[in-house]
Amino acid sequence: MKRMLSGIKPTGQLTLGNYIGALRNFVKYQDDYEMVVFIANLHCITEYQDPEDLRKNLTDAVALYMACGLDPEKSVIFLQTDVHSHAELGYILACNTYLGELNRMTQFKDKTAKGEKNMTAGLYTYPCLMAADILLYNANYVPVGEDQKQHVELCRDIAQRFNNRYGETFVVPEPLIAKVGARIMSLSDPSKKMSKSEETNKGCIYLLDDLKSARKKIMSAVTDSVGIIQLDKENQPGLYNLIEIASALSGRSMEDIVDEFSGEGYGKLKAYVADVVCAELEKIQNRYREIIESHQIEKVLNEGALKASSIADRTLEEVKKKIGLEIKY
Ligand code: TYM
C-alpha cells in the first residue's frame with residue numbers, strides 16, 4: 001500500500017481553508033493509502049505563540065482531525081514533537097539545502113517584501129524541517145493545498161540531492177493537490193488566501209466558529225458589481241470562491257450550482273453557500289464536542305507516536321549511517 005503523509009500547523013484555530021484544501025482529503029484517502037497525519041507543532045513556533053493558546057490550539061487540532069473523520073484505527077495521528085527524529089533530520093537536511101533555495105520560497109519572500117521585522121531563523125529553515133517530516137516516512141504522496149506545493153517541490157530536490165550524494169535513501173514524494181478547493185480565498189479580500197493569520201476575522205471561517213457568525217461572514221462576503229452569476233475567476237473572484245466552497249463541500253460541480261442560481265441575485269446564492277457550510281460545521285462541531293468529552297486524545301497521540309517513531313527512527317538511523325555520523329555498526 002502506498003503511503004501518504006501530511007500535517008497542519010495550528011498557529012491558530014483550523015480554518016475552512018485547511019479543511020477543504022487538506023483535512024477532508026486526508027479523510028478520503030485513509031481507506032486506500034497508509035495515511036500518516038501529524039500536528040506540526042514545531043512549525044508553529046517559528047513565530048512567537050502564547051503558550052496557553054498554543055496548548056489549546058494543539059488539543060483542538062487533534063480533536064478536529066478526528067471530528068472531521070480521521071480514524072486512529074486507519075491513520076497514524078501524532079504530535080511532531082513526540083517523534084524526536086523530525087528535528088534531527090531537519091537539521092541534517094538544512095545542511096543539504098542551499099541558501100538560494102530557501103531565499104526563493106514564496107512565503108519567506110512575501111514576508112521579506114512586506115518588510116516584516118524580527119523574522120526568525122526557524123522561519124527561514126522551516127522548509128528543511130518540512131522536508132524531514134515527509135522524508136522520514138518515505139511518503140509517496142503529500143496531499144496539500146496549492147500554497148504548500150513549492151515546499152513539497154523543494155523537498156523533492158533535497159531528497160534527490162541526498163540520494164545522489166549518499167546513495168538511494170529517500171522515496172521522492174509527489175504533491176497531491178485537489179482539483180477543487182486547493183486555494184480557498186478570503187471572504188473579505190478574494191485576492192488573498194483564506195488564512196488564520198488575517199488581521200480581521202471577517203474573511204476567515206474557523207471550524208469552531210459559531211454558526212451564526214459563520215453565516216454572517218458568508219452573507220457579507222465581498223463580491224462584485226457585475227451582478228451575474230457565472231464562473232469568471234478573474235473578474236468575479238469573490239463569487240467564484242463562494243461557488244468553489246459550496247462545490248467542494250456539496251460534491252456538486254461548480255457549473256451545476258451556477259445553473260441553479262443563474263438569473264438570481266447574489267443574496268440567494270450566498271444563503272445557499274451559508275447553508276452548505278453551516279451544515280458541515282455543525283456536523284464537525286458535534287463530533288468535536290464528543291471527542292473532547294471522551295478524553296481519548298492522549299491515548300490516540302501516545303499510540304500514534306509509537307507507530308510513527310518506529311518508522312521515522314529507522315529512516316534517521318539509515319541516514320546517519322550513510323552520512324558517516326555513526327561510528328558503531
Ligand atoms: P498550514 O498549516 O498553513 O496549512 C495546512 C494545510 O491546509 C492547506 N490550506 C489551504 N488549502 C486551501 N485553501 C486555503 N485557504 C488553505 N489554507 C491552508 C495547506 O495548503 C496545507 O495543506 N507547512 C505546512 C504544514 C506542514 C506540512 C508538513 C504539510 C509541516 N510539515 C509536511 C505537509 C507535509 C503548513 O504550514 O500548512
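I number residues from 1 along each chain as its sequence is written. Because the model is predicted, local features need pLDDT of at least 70 and side-chain atom pairs count only at pLDDT 80 or more, totals for chains, interfaces and linings use all residues, and side-chain values use heavy atoms, with hydrogens and water left out.

**Ligand**

I looked up the surroundings of the ligand and found 28 residues, the closest being Lys9, Tyr126, Asp133, Asp147 and Ile184, where a residue is near if one of its heavy atoms lies within 4 Å. By class, this shell has 13 nonpolar, nine polar and six charged residues, with Tyr counted as nonpolar, Gly as polar, and Asp, Glu, Lys and Arg as charged.

I then turned to polar contacts (pairs of N or O atoms within 3.5 Å). Tyr126 places a polar side-chain atom 2.3 Å from a nitrogen atom of the ligand, while a backbone N or O atom of Gly145 lies 2.9 Å from an oxygen atom of the ligand. The protein covers 97% of the 710 Å² of accessible area that the ligand has on its own, by the Shrake-Rupley method with a 1.4 Å probe.

**Domains**

I noted domain 1 (3-177 + 296-323) and domain 2 (211-289), with bounds from an automatic or database domain assignment. Their C-alpha centres lie 31 Å apart, and the contact (heavy atoms within 4.5 Å) takes 12 residues from domain 1 and eight residues from domain 2.

The area buried between the domains is about 860 Å², of which carbon and sulfur atoms give 70%; buried area is the accessible area (1.4 Å probe) that two parts lose on being put together, summed over both.

Note on methods:
Polar contact = N/O pair within 3.5 Å; in protein donor to acceptor, adjacent residues only side chain to side chain.
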